[in-house]
Amino acid sequence: GDKQYKKGLLGELILIQQQIQRHEEEVRRAAAANSTRPPPQDPAPSTPPNPSPPPQKFKSSDKEKVDQLQEELLRTQLKYQRMLERLEKENKELRKVVLQKDDKGIHQRKVKKSLIDLYSEVLDILSDYDSNYNTQDHLPRVVVVGDQSAGKTSVLEMIAQARIFPRGSGEMMTRSPVKVTLSEGPHHVAMFKDSGREFDLTKEEDLAALRHEIELRMRKNVKEGQTVSSETISLSVKGPGIQRMVLVDLPGVISTMTTGMATDTKETIFSMSKAYMQNPNAIILCIQDGSVDAERSIVTDLVSQMDPQGRRTIFVLTKVDLAEKNLASPSRIQQIIEGKLFPMKALGYFAVVTGRGSSSESIDSIKEYEEDFFQSSRLVRDGMLKAHQVTTKNLSLAVSDCFWKMVSESVEQQADVFKASRFNLETEWKNNYPRLRELDRNELFEKAKNEILDEVISLSQVTPQHWEAILQKKLWERVSTHVIENIYLPAAQTMDSGTFNTTVDIKLKQWTDKQLPHKALEVAWETLQEEFARFIAEYKGKDQDDIFDKLKEAVKDESIKRHKWNERALDSLRVIQHNALEDRSITDKPQWDAAIQFMEETLQSRLKDTESVIRDMVGPDWKERWLNWKNRTPDQHIRNETKNELDRLLKLHDDHTAYLANDEVTTVRKNLEGRGVEVDPALIKDTWHQLYRRHFLQKALSHCNLCKRGFYYYQRHFVDSELECNDVVLFWRIQRMLVITANTLRQQLTNTEVRRLEKNVKEVLDDFGEDAEKKTQLITGRRVQLAEDLKKVREIQEKLEAFIEALHKDK
């Protein structure tokens, strides 16, 4: 009986639809006859009057007939609309029950994705896919475009049956594309593609949270200095009675820039809208504000450029209630809906009302207001708007039908395109990288990450002896100049051992308090960096893939940048160094010999450097001049003459002090002038400094040689001995400080700093792993891009094939 009732109701619905069409035809014929009927001729005076009714009466009877037919048409349309609503309501309730039953059995069987969800997944993958093979994304979706504040978002909310988008009074709210996948489900919920949270759209707090989340994502997408972004936010909305389709809401097209906008905002929105509309299978939902002058619209010209024949455009006029109230001529709305006012064509034209302008208004109250408006509107009553052209409900049905028709017609062709693209990519890989695995950027990053972590672990396996040898050598290289120039040489100018030791103690104390600990930590930090870099370089030699070079360098630099040496070690190191330098007790002969050797090597190195400086000052000697055909420059000649004169002075005064007296400078100058050499006093002093330094170092080396047998005298504190070896004790103290400092720094390195560096490297790798843009910058090349493209194209093809199979089954 229930089935018979449904059959009867549907039959009645069809009869009413046929009746409406018949009435519409009669109204058109009556109106046409009334407009084309010729006016009656005046009778001749001789002819008797015609008994036919007067012209005025005939006109009024025709008008009454047209009005009567229009009233009958309106009543039939209202009856049809009420029956349609009743059927839809019953159908919605029945589908909700069925879906809820299906939902209860979700754990007893494998979850099967809906057709629209399968399709949406393909679009999500495509949105991230940038092909170098011009495999353009021509899959259908509904692109929602319109002027700013034309009501795009409101139309989308009416189709989704929830107030899901952030809103503002006149300001730009849609700042990046929002892809909304609509599908049917037992519960009215929304979810982002990259989040597990489900927003209950029947609860106001969840709706507010969803709007806030969309706004946050838009702000995150928009880069600094920009107003809009092309990055897509992907959202799915499910609920009973929702039409299945995929829509993309784009930022509104603007004509004027306002304060605070980026200078390229207008062009960016234009190019973004064009990019979406250029897809030959995209359905363009063109939204036009009915409450403003049609001539102010920008978007209609843009749409007509993209779809000049109107084969995939659906035109929607919003705010029709305000338009009816404000317009003096209602026929203007009729012109718009009939496609006669704008120079653009469309598949269909719709008029909708999306509320009274209040952001707190619910979807149900808006729908009720919209239905009430169109039932009482003279636009519908006078036949200017057809019943199937009004309300967002009818719009939603029409858009969904158009969407699925376009999908059915184009999806298999697109699958073939990706199949061909996959073949091309696989062929390129086989020809160029036959022995390499296809690893995409993420897989390559994981491989590089493991290699880098192995290299850092190797750092913790460096032997203590290796650390201490490097640290001791580098520290002496760093401080040797200060020790020789600022401590040893000034102290050695003194006449007795007591003054020498006092001078050395004061200068060592000052050095330890101010500079030495800092220098030591600098050396340790540099050593750690160099060893880390050495391990990375050594690993590179073991058949390492050079595609990781940029990544490894960036990880190394960032890890070192983040590493902060433990400054608390500075104070303890200062105390250790101070105690080491305070000690003067050489306990055995091997230590004495080691100090002698250390001193001898240091002095010889300095003597070699000094002789090199003197050689550069005076130029080639006679042997070099004859053998290599070299000559002295005029300056070198003067220097050589000065040197010869000063050498004679040193031979006469072997114990000369480090500085020349003024009268000695004058004597040397006059002697040179007597030989025809004009010389500046400053040049004499400069030459003397190097000659005296050589003379001093030669004497110090001779003294060092004498001190090799001085350990016995040292044990007796040089009592009753002419030999004094305080300089050897100084070098022993320096050497012992270097050994103890190297040992202390090595302990700090192995116990603390290497582990902290390892932790920093792991943190940097984790940060880089979460930053897709960083990975794209650091792992580059055709091989990477080819592997990425192959992975994406395979995934797209597989998803498309699964969707096509499901689509055929659904038919």
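I count two strands as paired if DSSP finds at least two bridges between them. Helices (H or I, at least four residues) and strands (E, at least two) are DSSP runs, numbered from the N terminus.

The model is predicted: local features need pLDDT of at least 70, side-chain atom pairs count only at pLDDT 80 or more, and totals for chains, interfaces and linings use all residues. Residues are numbered from 1 along each chain as its sequence is written, and side-chain values use heavy atoms, with hydrogens and water left out.

**Entry 1**

Nine strands form an open sheet, ordered 4-3-5-2-6-1-7-8-9, with mixed pairing. Strand 4 (199–200) and strand 9 (348–351) are the edge strands, each pairing on one side only.

I then checked which helices pack on the sheet. Helix 5 (residues 204–221) does, touching strand 2 (178–184), strand 3 (189–192), strand 4 and strand 5 (233–239). I take contact as heavy atoms within 4.5 Å. The direction of helix 5 makes about 160 degrees with that of strand 5. Axes are lines fitted to C-alpha atoms, for helices over the stretch in contact, and angles run from 0 to 180 degrees between N-to-C directions. Helix 7 (residues 299–306) also packs on the sheet, touching strand 1, strand 7 and strand 8. Its direction makes about 160 degrees with that of strand 7.

**Entry 1: strand 1**

Which strands pair with strand 1, and in what sense? Strand 6 (residues 245–249) pairs with strand 1 in the parallel sense over three bridges. In strand 6, D249 stands opposite V144. Strand 7 (residues 283–289) runs parallel to strand 1 and is joined to it by five bridges. There, C286 is the bridge partner of V145, and I287 stands opposite G146.

Next I checked burial. Five of the five residues of strand 1 are buried (under 20% relative accessible area; exposed is over 50%, partly exposed in between, with a 1.4 Å probe and protein chains only). V142, V144 and G146 cover one side, V143 and V145 the other.

**Entry 2: two positive phi values**

Most residues other than glycine have a negative phi. I noted S149, with a positive phi near 65 degrees. S149 lies in the loop between strand 1 (142–146) and helix 4 (152–160). Its relative accessibility is 44%, so S149 counts as partly exposed.

K319 also has a positive phi, of about 55 degrees. K319 sits in the loop between strand 8 (313–318) and helix 8 (320–326). With a relative accessible area of 23%, K319 is partly exposed.

**Entry 3: two helix pairs**

How do helix 19 and helix 23 cross? The axes of helix 19 (residues 589–618) and helix 23 (residues 681–706) come within 9 Å and cross at roughly 155 degrees. The two helices are therefore roughly antiparallel (under 35 degrees is roughly parallel, over 145 roughly antiparallel, 65 to 115 roughly perpendicular, the rest oblique). Their contact residues divide into twelve nonpolar, five polar and five charged. Ala, Val, Leu, Ile, Met, Phe, Trp, Tyr, Cys and Pro count as nonpolar, Asp, Glu, Lys and Arg as charged, and the others, Gly among them, as polar.

Helix 13 (residues 441–459) and helix 27 (residues 782–810) pack with axes 9 Å apart, at about 125 degrees. This pair is therefore oblique. R441, N442 and L444 of helix 13 meet R783, V784, Q785 and E788 of helix 27. I list two nonpolar, two polar and three charged residues in the contact of helix 13 with helix 27.
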